[in-house]
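I opened this notebook to keep track of what I looked up, one topic at a time. The entries below go from the whole chain down to single residues.

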Amino acid sequence: MVVSGTRERAAAATPSTGAPGRKAVYRSTVGAKGVMAVSGLLLLLFLVAHMAGNLKIFFGAESFDHYAHWLRDIGAPVLPHTWYLWIQRFVLTAAVVGHAWAATVLALRAKRARPVRYAHRPKVQGSYAARTMRWGGVIILLFIVWHLLDLTVGTVNPVGNPATPYANVVADFAPSRWPVTLFYALAIVAIGFHVRHGLFSALRTLGQRTAKGERRARLAALGFAILLCAGFLVVPFAVLVGLVG
C-alpha cells in the first residue's frame, strides 16, 4: 500500500513538474517567432523604401543627389543633421541581429524536436529557397558589409564623395567594375530567395494551408520577390550598359 501510494503520488506529480518546462519552451518559441516576424517586417519595409529611392537615379543626377541629401535631414529641426540615418542604421542592425538569432534558435529547436532518424528514411525535399537560406544569409551578410564600405563610407568606391551620390553609383557599376555588379546581382538574387521563402512561410502561418491557398501564397511571394529584385537590379545594369551615366 505504501509503495502503491508513493507511485500514485509520483505519477500525479509528473505532469505538474513537466508543465512549466513545456510552457517555457512554448513561450520561448513564440517569442522567437515574434522576433522573426517583427524584424523581418522591418527589413522588408526598408528594402521596399530603399528600392524606391534607388529608382530616382533615372530622374537624373540632381534629383538623385537631392534625395540622398534629404535623407540626412529627415526629422529636422527636431533631429540634428544625419541623426535619422544613424537611428535607422541602429534599428536595422538590431533587426538583422534579431532576425539571425531567431532563425538560429528556431532551426536548432526544430532539429532537436525531430524524431530519431531511421536508416532508410527518405530525405524531405524542401524548396530551393529553403535549402539555400544558410548560404544565402552568408552572401547577404557579406554584401551588407561591402555595401556599407562602398556607398555609405565610400572607402572602396572609386569616387567615394558623400556630396555626389549619383557619381558614386555611376562609378561603382562602371563596365570595368563588372565583378562588383556581378556580386551585387548575386546578393540581390539571394535576398529575393530569402524574401520569397519568408513571405510564403508568413502567409502559410496566417492560414493559407489549403492547396489552393498555398498556390496563391507561393505565387504572391514569388511575384513580390521578382519585382523587388528587378527594382534593385535595374539600376546597376542600366549603368553597366550606359543608360545611366
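What follows are my entries on the chain, its core, its surface and a few local details.

**Entry 1, the whole chain.** I began by noting that I am working with a predicted model. I looked up the secondary structure and found 8 helices and 0 strands in the protein chain, so I wrote the pattern down, read along the sequence, as α-α-α-α-α-α-α-α. I then checked burial, and of the 245 residues of the protein chain, 29% count as buried. For the surface, I recorded that the chain exposes about 16100 Å², of which carbon and sulfur atoms supply 71%. On contacts, I noted that among those between residues at least 6 apart in sequence, 68% join residues at least 24 apart.

Which residues touch the most other members of the largest nonpolar core? I found that this core has 28 residues, and that the ones touching the most other members are I57, Y184, I188, I191, F232 and V244. The elements that give two or more residues to this core are α1, α5 (133-152), α6 (165-172), α7 (178-205) and α8 (211-240), and I noted that α7 gives the most, with 8 residues.

I turned to α3, which covers residues 83-113 and has 31 residues. From its first C-alpha to its last it reaches 45 Å, close to the 45 Å expected at 1.5 Å a residue. I also looked up which of its residues are hidden from the surface, and wrote down L85, L92, A95, G98, H99, A102 and V105 as buried.

On the surface I found a nonpolar patch formed by V38, L42, W83, I87, F90 and V91, which together have about 610 Å² of accessible area. The elements giving two or more residues to the patch are α1 (2-54) and α3, and the largest share, 4 residues, comes from α3.

I looked at the loop between α2 (61-72) and α3, where P77 has its place. The peptide bond from A76 to P77 is cis, with omega near 5 degrees. T82 is also placed in the loop between α2 and α3, and I noted that T82 has a positive phi of about 70 degrees although it is not a glycine. With a relative accessible area of 21%, T82 is partly exposed, since buried would require under 20%.

How many salt bridges does the structure hold? I found 1 salt bridge, and I reminded myself that side chains of opposite charge can pair when their charged atoms come close. R177 forms this salt bridge with D172, the closest N and O atoms being 2.8 Å apart. I ended by checking where the pair sits, and recorded that both R177 and D172 are buried.

Key. Residues numbered from 1 in each chain as written. Predicted model: local features only at pLDDT ≥ 70, side-chain atom pairs only at ≥ 80, totals over all residues. Heavy atoms only, no water. Salt bridge = Lys/Arg side-chain N within 4 Å of Asp/Glu carboxyl O. Buried < 20%, exposed > 50% of the residue type's maximum accessible area, 1.4 Å probe, protein only. Expected span 1.5 Å × (residues − 1). Patch = residues over 30% accessible without salt bridge, like charges linked within 9 Å, V, L, I, M, F, W, Y side chains within 5 Å. Areas by Shrake-Rupley, 256 points an atom, 1.4 Å probe, with all protein chains shown as cover. Core = buried A, V, L, I, M, F, W, Y, C linked by side-chain atoms within 4.5 Å. Contact = heavy atoms within 4.5 Å.
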